[in-house]
Amino acid sequence: MSHTTIDTLPEAVAAGLAAGTLCPYLGPGLLALCDGPRPPADALALAALLTARVSVPAKIRNRLTAAAQFIENFKHRKTLVNTMDQAFAAPAAPSALHRWLAALPAPLIVDCWYDDTLRRALSARDDWAEVQGLSQSEHFGTWTGWYGADGHATDAPQEARTVFYKPWGGRSPASNYLISDSDFVEVLTEIDIQTPIPAVVQQRRAALGFVFLGCRFDDQLPRAFARQVMKRSAGPHYAVLPETPTRMEQRFLDEQGIVRIALPLAEVAEALTGLPQPA
């Protein structure tokens, strides 16, 4: 299969985001655009922070989900949650791109990291709702939790202009985290038949394409989640990925028909945020 890589930002990306026909799908790399203090912005940095606070065996110190599982097994789930809370306690100041994305008329925004930066950017609006993945060790039988713009738990709102979906959970508003091996095994066992993915997300994605910003696919977990969240969506799909993809990343991009935009994220952010603010 041929690789589709371009080194310019297609007008269709900016137009689709502004029109609400393309869904922003955010990864931890977006934090690099924020000024000032930032929480950990990749799995290795987060593993280092967790294992600096709680001692784990050397052989799993750099493996985030395994280190989290060890903490959960030997120190209790509450210790793991508290350590994650500490890791993400210092909020990042939303970047210009966070603020631009938060002003979009997007039916759906997906964010696959634990920080609350985009939630903070969305706080100027009240017409959105957030849905987060839940750990089965804490919420057995319930896959997701819904929260209003005010941070209070709510029922799934069909009428929200924007649904903000955090499949791995997040620090705010309720310290929900998919982080340990068992957390992910529970979800991945069911995700192929879509059980853990909210019905509203499934409905809305049917008319959308995806734009991946700040994401890498060099690990099985981000690939698995992106593949299942994108399932049965309309397309087209784009990924801002300036780094040369690994073999597995390239295979994933080809398999999913994702056009790689080989530009630095900061350059794409500048191009997008220089556009007029969406109405």
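An axis here is a line fitted to the C-alpha atoms of a helix over the stretch in contact, and angles run from 0 to 180 degrees between N-to-C directions. The exercises below concern a predicted model.

**Exercise 1. Two helices, α3 and α4**

Describe how the axes of α3 and helix α4 (residues 77–87) lie to each other, and state which residues meet.

Step 1. The axes of α3 and α4 come within 6 Å of each other, and they cross at roughly 135°.

Step 2. Angles over 145 degrees count as roughly antiparallel and those from 65 to 115 as roughly perpendicular, while angles under 35 count as roughly parallel and the rest as oblique.

Step 3. On the side of α3, the residues in the contact are A68, I71, E72 and K75, and they meet R77, T79 and L80 of α4.

Step 4. Sorted by class, this contact of α3 with α4 has 3 nonpolar, 1 polar and 3 charged residues.

**Exercise 2. A second pair, α9 and α10**

Find the angle at which α9 and helix α10 (residues 247–256) pack, and name the term that describes their arrangement.

Step 1. The two helices pack at an angle of about 5°, and their axes are 12 Å apart.

Step 2. Because angles under 35 degrees count as roughly parallel, α9 is described as roughly parallel to α10.

Step 3. The residues R223, A226, R227 and M230 of α9 meet M248, F252, E255 and Q256 of α10. By class, the contact of α9 with α10 has 4 nonpolar, 1 polar and 3 charged residues.

**Exercise 3. The sheet and a helix on it**

Work out the order of the strands in the open sheet of 10 strands, and decide which strands stand at the edges.

Step 1. Read across the sheet, the order is β1-β12-β11-β10-β2-β3-β7-β4-β5-β6, and the pairing is mixed.

Step 2. β1 (5–6) and β6 (153–154) stand at the edges with a single partner strand each, so one side of each has no neighbour in the sheet.

**Exercise 4. The largest pocket**

Determine how much space the largest pocket holds, and which elements supply its lining.

Step 1. The largest pocket contains about 790 Å³ of space. Its lining is made up of 31 residues, of which P28, A43, R216, D218 and P222 are the closest to its centre.

Step 2. At least two residues of this lining come from each of β2 (22–26), α3 (64–75), α7 (181–191) and α9 (220–230). The most is given by α9, with 3 residues.

Step 3. Divided by class, the lining of the largest pocket has 21 nonpolar, 5 polar and 5 charged residues.

**Exercise 5. The cavities**

How many cavities of 30 Å³ or more does the structure hold, and which residues line the second largest cavity?

Step 1. There are 2 cavities of 30 Å³ or more in the structure.

Step 2. The largest cavity has about 60 Å³ of space. Of the 12 residues that line this cavity, G133, P167, L178, V187 and P196 lie nearest its centre. Its lining has 10 nonpolar and 2 polar residues, with no charged residues.

Step 3. The second largest cavity has about 50 Å³ of space, and the residues that line it are L26, G27, P28, L30, L31, H98, D111, D115, T117 and L118. By class, these divide into 5 nonpolar, 3 polar and 2 charged.

**Exercise 6. Backbone details in loops**

Step 1. S172 and P173 are joined by a cis peptide bond, with omega of about 0°, and P173 belongs to the loop between β8 (169–170) and β9 (176–177).

Step 2. G235 and P236 are likewise joined by a cis peptide bond, with omega of about -5°, and P236 is found in the loop between α9 and β11.

Step 3. S175 also lies in the loop between β8 and β9, and S175 has a positive phi of about 55° although it is not a glycine.

Definitions and conventions. Residues are numbered from 1 along each chain as its sequence is written. This is a predicted model: local features need pLDDT of at least 70, side-chain atom pairs count only at pLDDT 80 or more; totals for chains, interfaces and linings use all residues. Side-chain values use heavy atoms; hydrogens and water are left out. On a 1 Å grid over the protein atoms alone, a cavity is a set of points where a 1.4 Å probe fits but cannot get out, and a pocket is an open set with protein on both sides within 12 Å along at least five of seven lines; lining residues have an atom within 4 Å of a point. Grid points are joined across faces, edges and corners, and a volume is the space filled by probe spheres set on the points. Helices (H or I, at least four residues) and strands (E, at least two) are DSSP runs, numbered from the N terminus. Ala, Val, Leu, Ile, Met, Phe, Trp, Tyr, Cys and Pro count as nonpolar, Asp, Glu, Lys and Arg as charged, and the others, Gly among them, as polar. Two strands pair if DSSP finds at least two bridges between them. Contact means heavy atoms within 4.5 Å.
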